[in-house]
Amino acid sequence: MSSESKEQHDLSPRDSTEGNDSSPSGIHLELQRESSTDFKQFETNDQCRPYHRILIECQEKSDTNFKEFVIKKLQKNCQCSPAKAKNTILGFLPILQWLPKYDLKKNILGDVMSGLIVGILLVPQSIAYSLLAGQEPVYGLYTSFFASIIYFLLGTSRHISVGIFGVLCLMIGETVDRELQKAGYDNAHSAPSLGMVSNGSMLLNHTSDRICDKSCYAIMVGSSVTFMAGVYQVAMGLFQVGFVSVYLSDALLSGFVTGASFTILTSQAKYLLGLNLPRSNGVGSLITTWIHVFRNIHKTNLCDLITSLLCLLVLLPTKELNEHFKSKLKAPIPIELVVVVAATLASHFGKLHENYNSSIAGHIPTGFMPPKVPEWNLIPNVAVDAIAISIIGFAITVSLSEMFAKKHGYTVRANQEMYAIGFCNIIPSFFHCFTTSAALAKTLVKESTGCQTQLSGVVTALVLLLVLLVIAPLFYSLQKSVLAVITIVNLRGALRKFRDLPKMWNISRMDTVIWFVTMLSSALLSTEIGLLVGVCFSMFCVILRTQKPKSSLLGLVEESEVFESVSAYKNLQTKPGIKIFRFVAPLYYINKECFKSALYKQTVNPILIKVAWKKAAKRKIKEEVVTPGGIQDEMSVQLSHDPLELHTIVIDCSAIQFLDTAGIHTLKEVRRDYEAIGIQVLLAQCNPSVRDSLTKGEYCKKEEENLLFYSVYEAMAFAEVSKNQKGICVPNGLSLSIV
């Protein structure tokens, strides 16, 4: 040891403070300097150097004027060049990038096969889901056709199938029925019971001078909702607020879809039984619908009931066989189309509608209707409904596209997916369509049948075009009970989630509770309220996790520099006089008291120790005889406390993501309380955000930066050498005042 270092080491607090009024703050500052000197000695002593002190120099931050920053950003984003224009166009139209590179020999067979099969499956599903959305069957065919074409042009996923989705159809149907009731339409008739809508204007069909009937008004509402949903999705893409979807966790989405599936099943029950019942809306519609069903069950149409049972007996086993042997089958059996064709022929030649009053699909026109702008007067009525629909549609589409992209080794752009699904709603809304998104069942079929690129969407659209131009009128005699069975059978995947609950419970009980709350609220209240309840409850659970987080004392893993919880692992080494505390959560205003109580409980409570010291000092003063040198006796009482075994607390901050003002104040308070009883507090493994917050909050002065360490091992080594060489390096009761 050098003579200079030795001289510094030999300095006592009394010597170093001569001529400086001997203030406690001066003592504290000098002792901190001594601790820094001691550590320098420790670094130069090879015999007792277990670890090097890490020193990292921060980058200098340039002082950027806010005005200059804004101008720079605007110049960067607003400048136009041929290269930037080309990249913008190619980014907005991904087809211009992948289509010129299309490998015809490698991909065409898989794309054609998957496109044909998905198109065949979409025909009966599009017709069936139209009823769920409160629309005529032809509008479901329109929706699937336009969505397939537009996503082919704008989408970045090669495998997802964009079209009708049961949950969105249900949400559209609820909005349509509500607006029909507001407009004065009697659910039992196709013409309005009142000639005026809620705003007092006549409902005129723009294609003729006749009053707009129920079907016409229903698609006007559906198109208006679809237009607004698309506008929201494109706006989210422009402002890059796709982060909204992160609030919809997998557990929340799964619970929402399962709860909505119960509502879908309930809405189709009347078609299974052939009952003519009004559709219930609002809170508790599921229970209300079942009450109406059981009250009118004696009016069941036996023909529809028998047809429903026969279709279930055919569809369910075949669907299960398709799923069980999907690895061996080159393509799934198109059992839905077979059932639709067979049921249509049986209904037509058996004259089930004429003889048994069976409910049928009715006339499905061929060709396309002329485009029409959405009804602007309806926009204020449906703007709020479109918010939930747009978020659900985007979240489902992006999650499925990312899942299949990861599986097949390519990337998708979430922002472009938002544009794609947005325009899949905006443009078709002018052609009498309703809201679309990706659907898991059809996407799985598309992938398993050899899909390679988005070109399969064009093949699907061609199949639907053939149906729209030629085949559609042949479905006139198709019973609605058959369409209801197809819809219900396709809910199998969502309802099977109950089988996964035990596994989910073992993995995360919190996610399971979120699933149950979202599922029950979506089923028993309504889909929109259920989604809102699920999001709010999920956020509450996140807050709850940080409000009462885990905390533990750490020990050193033998022959390593790794620290783990002593309550979770055996054979961990601990150093006498040193406690290492880990808090697994951000430290902010909600959990600051939890942090303090956990720290005090697992180490020592400085408040209680100070109170005990004061009581002991008072007792000793009363017992002693007052002498002329009473002041010296009082000081001797202060310094007569037995030193604590614990001399250092290291707080592992690696799991503290951020600090707020209350968190910084809590750390200051903890440090002050412990220093008052002679225990030093060291912080280790603070991330840059926490370090920056500590600096701005003036947690420590510049000369006290040796209290912050880059690793727990480094902090422990510093604590050991500071204790061994000069005892405790912070005041141990000198600032304690006795009352």
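This is a predicted model: local features need pLDDT of at least 70, side-chain atom pairs count only at pLDDT 80 or more; totals for chains, interfaces and linings use all residues.
# Helix α11 and its packing partners

Trainee: At roughly how many degrees do the axes of α11 and α13 cross?

Mentor: Two packed helices are described by the angle between their axes and the distance between the axes. Axes are lines fitted to C-alpha atoms, for helices over the stretch in contact, and angles run from 0 to 180 degrees between N-to-C directions. The axes of α11 and α13 (residues 302-324) come within 6 Å, and they cross at roughly 115 degrees.

Trainee: Are α11 and α20 roughly parallel or roughly antiparallel?

Mentor: Angles under 35 degrees count as roughly parallel, over 145 as roughly antiparallel, 65 to 115 as roughly perpendicular and the rest as oblique. Helix α11 (residues 250-273) packs against α20 (residues 480-489) at about 155 degrees, with the axes 8 Å apart. The two helices are therefore roughly antiparallel.

Trainee: Which residues of α20 make the contact with α11?

Mentor: From α11, the contact is made by I264, L265, Q268, Y271 and L272. The residues that α20 brings to this contact are K480, S481, A484, V485, T487 and I488.

Trainee: How many nonpolar residues are there in the contact of α11 with α12?

Mentor: Helix α12 (residues 285-295) packs against α11 at about 15 degrees, with the axes 10 Å apart, which makes the pair roughly parallel. In this contact, F262, T263, L265, T266, A269 and L273 of α11 face L286, T289, W290 and V293 of α12. Ala, Val, Leu, Ile, Met, Phe, Trp, Tyr, Cys and Pro count as nonpolar, Asp, Glu, Lys and Arg as charged, and the others, Gly among them, as polar. The contact has three polar residues, no charged ones, and a nonpolar count of seven.

Trainee: Is T263 buried or exposed?

Mentor: T263 is found in helix α11, and it touches L170, E174, L286, S522 and A523, leaving aside residues up to four places away in sequence. Buried means under 20% relative accessible area, exposed over 50%, and partly exposed in between, with a 1.4 Å probe and protein chains only. With a relative accessible area of 9%, T263 is buried.

Trainee: What distance separates the C-alpha atoms of I150 and P428?

Mentor: I150 has its place in helix α8 (residues 137-154), where its 7% relative accessibility counts as buried. Leaving aside residues up to four places away, I150 touches F423, C424, I427 and P428. Although I150 and P428 are 278 residues apart along the chain, their C-alpha atoms are separated by 9.0 Å.

Trainee: What percentage of the residues in the chain is buried?

Mentor: The chain comes to 30 helices and eight strands. Of its 739 residues, the buried share is 50%.

Definitions and conventions:
Residues are numbered from 1 along each chain as its sequence is written. Side-chain values use heavy atoms; hydrogens and water are left out. Helices (H or I, at least four residues) and strands (E, at least two) are DSSP runs, numbered from the N terminus. Contact means heavy atoms within 4.5 Å.
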